[in-house]
Amino acid sequence: MPDQATLNHAAQVLAGISADQRADTALRFYFEGRRYLQPPVKRVISHTVFVYFRWLSWLDSKASPQKRLEQAVALHERFMADPKSVKAETLAVRAVPAWLWTELDFPADAAGETTAKADYLRQLQRDPALWLRARPGKGAALAKSLFACESTERAVDALRFTGTQDLFKTEQFKTGEFEIQDLASQLVGHAAAPVPGETWWDACAGEGGKTLHLADLMQNKGVVWATDRNEKRIDTLKRRAARAKLFNFRTEFWDGGSRLPTKVKFDGILLDAPCSGVGTWQRNPHARWTTTPDDVRELAATQLALLNNVAGSLKPKGRLIYAVCTLTRSETTAVADAFAAAHPELEPLPLAIAKPGSPDPSRVTLWPQEINANGMFIAGWRKKT
Ligand SMILES: C[S@@+](CC[C@H](N)C(=O)[O-])C[C@H]1O[C@@H](n2cnc3c(N)ncnc32)[C@H](O)[C@@H]1O
């Protein structure tokens with residue numbers, strides 16, 4: 001159980017959370033104003049706040065914030081010691097909002113949909129894994145020098161970090177030997193599979209997590225155009241690229257509209273679109289209680305518009321990758337279906353990350369319970385001629 005000082009800090013963070021400020025943003029502001037807090041202390045405060053939102057519906061709303069935080073931590077400890085101590089039926093009603101169940105299509109595997117749903121719910125309540133992306137071919141060497149790293153068959157050079165040191169302070173981070181990047185996001189880069197010398201467009205580049213991966217996979221050869229409508233994020237991208245010593249990219253502003261940033265035609269386009277983020281609900285449990293069906297509807301329409309706007313920029317045989325860190329039907333398969341129906345000039349592109357024997361290898365849903373990481377949907381098309 002966290003000590004009283006931690007509970008007090010966590011209660012102050014909760015008091016700073018408003019309708020338009022997420023828990024992770026509130027935590028960042030809180031820590032910015034208290035630079036004297038050491039990384040291990042900050043870790044426990046963050047953990048306590050996230051645990052609170054994971055178990056929110058179980059808490060006594062009349063109790064003080066400190067008491068509720070204590071209740072949440074006790075529930076979490078009991079669950080972590082024995083995940084089956086909480087019934088999946090209970091989790092289905094309390095751990096997520098009811099509207100979610102109209103939007104999820106679980107994989108019908110040998111074990112059956114019921115098992116997948118229970119596993120998904122239990123995964124949502126666990127502490128999320130921390131994933132690193134080593135530079136191409138350097139995964140084993142990084143694991144050796146950082147310790148506490150586990151590799152995965154799912155993605156070359158992806159490492160799950162199980163240690164406690166402050167990664168941002170390591171020499172390996174400062175010299176650009178790795179990025180902190182969720183496994184699901186790394187799999188987007190591997191689905192795109194750019195080749196050295198190609199010309200790519202990362203259309204919603206944000207802070208550049210995937211731009212850097214594409215540029216790295218291209219071995220600093222060719223070019224990645226990185227665009228976003230948020231110029232601050234693009235500035236962060238440039239700083240990250242400098243640390244990683246990647247130079248094969250250029251940045252432009254693009255607001256997502258039909259007026260494109262360039263007339264260049266691309267070998268590949270990645271649209272890592274804005275989405276409801278349901279796939280991140282394990283890492284960011286506060287979002288379970290702030291995301292609405294209206295958000296899902298609006299973001300699905302935005303995604304389709306963005307896809308339509310970029311599609312004309314493909315070269316003959318060019319590849320288009322659509323990725324969203326969400327799992328709602330409206331934003332994943334429904335957008336992919338509507339887009340494919342409107343674009344007969346494109347054909348499905350089998351993705352290298354699809355499971356062998358998959359009925360449609362051009363579409364991959366990554367479930368948190370299967371990869372111990374964020375949920376993600378990825379679809380690919382190729383321009384026929
Ligand atoms: C999922 S995030 C991208 C994350 C980024 N690719 C990465 O790997 O770090 C989506 C991005 O789309 C941008 N965005 C949101 N709405 C947009 C729009 N209508 N047009 C263009 N970009 C938009 C946001 O600024 C945000 O950076």
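Guide: Helices (H or I, at least four residues) and strands (E, at least two) are DSSP runs, numbered from the N terminus, and on that basis the protein chain has 14 helices and twelve strands. The model is a predicted one, in which local features need pLDDT of at least 70 and side-chain atom pairs count only at pLDDT 80 or more, whereas totals for chains, interfaces and linings use all residues. Residue numbers start from 1 along each chain as its sequence is written. The C-alpha trace of the protein chain spans about 65 × 45 × 40 Å along its principal axes.

Two packed helices are described by the angle between their axes and the distance between the axes; the axes are lines fitted to C-alpha atoms, for helices over the stretch in contact, and angles run from 0 to 180 degrees between N-to-C directions.

Helix α2 (residues 23-32) packs on helix α3 (residues 39-54) at an angle of about 155°, with the two axes 11 Å apart, which makes α2 roughly antiparallel to α3 (under 35 degrees is roughly parallel, over 145 roughly antiparallel, 65 to 115 roughly perpendicular and the rest oblique). Their crossing is right-handed, that is, the near helix is turned clockwise from the far one by less than a right angle, anticlockwise being left-handed. Ala23, Leu27 and Phe31 of α2 make the contact with Lys42, Ser46, Val49, Phe50 and Phe53 of α3, where contact requires C-beta atoms, placed from the backbone, to lie within 7 Å. These residues divide into six nonpolar, one polar and one charged (Ala, Val, Leu, Ile, Met, Phe, Trp, Tyr, Cys and Pro count as nonpolar, Asp, Glu, Lys and Arg as charged, and the others, Gly among them, as polar).

Helix α1 (residues 4-15) and helix α4 (residues 65-81) have axes 9 Å apart at an angle of about 110°, and are therefore roughly perpendicular to each other. Here Leu7, Asn8, Ala10, Ala11 and Leu14 of α1 meet Pro65, Gln66, Leu69 and Glu70 of α4, a set of six nonpolar, two polar and one charged.

Turning to α12 (293-311), its axis comes within 10 Å of that of helix α13 (residues 333-342), and the two cross at roughly 35° in a right-handed crossing. The contact joins Ala300, Gln303, Leu304, Leu307 and Asn308 of α12 to Ala334, Val335, Ala338, Phe339 and Ala342 of α13, and by class it has eight nonpolar, two polar and no charged residues.

Key:
Contact = placed C-beta atoms within 7 Å.
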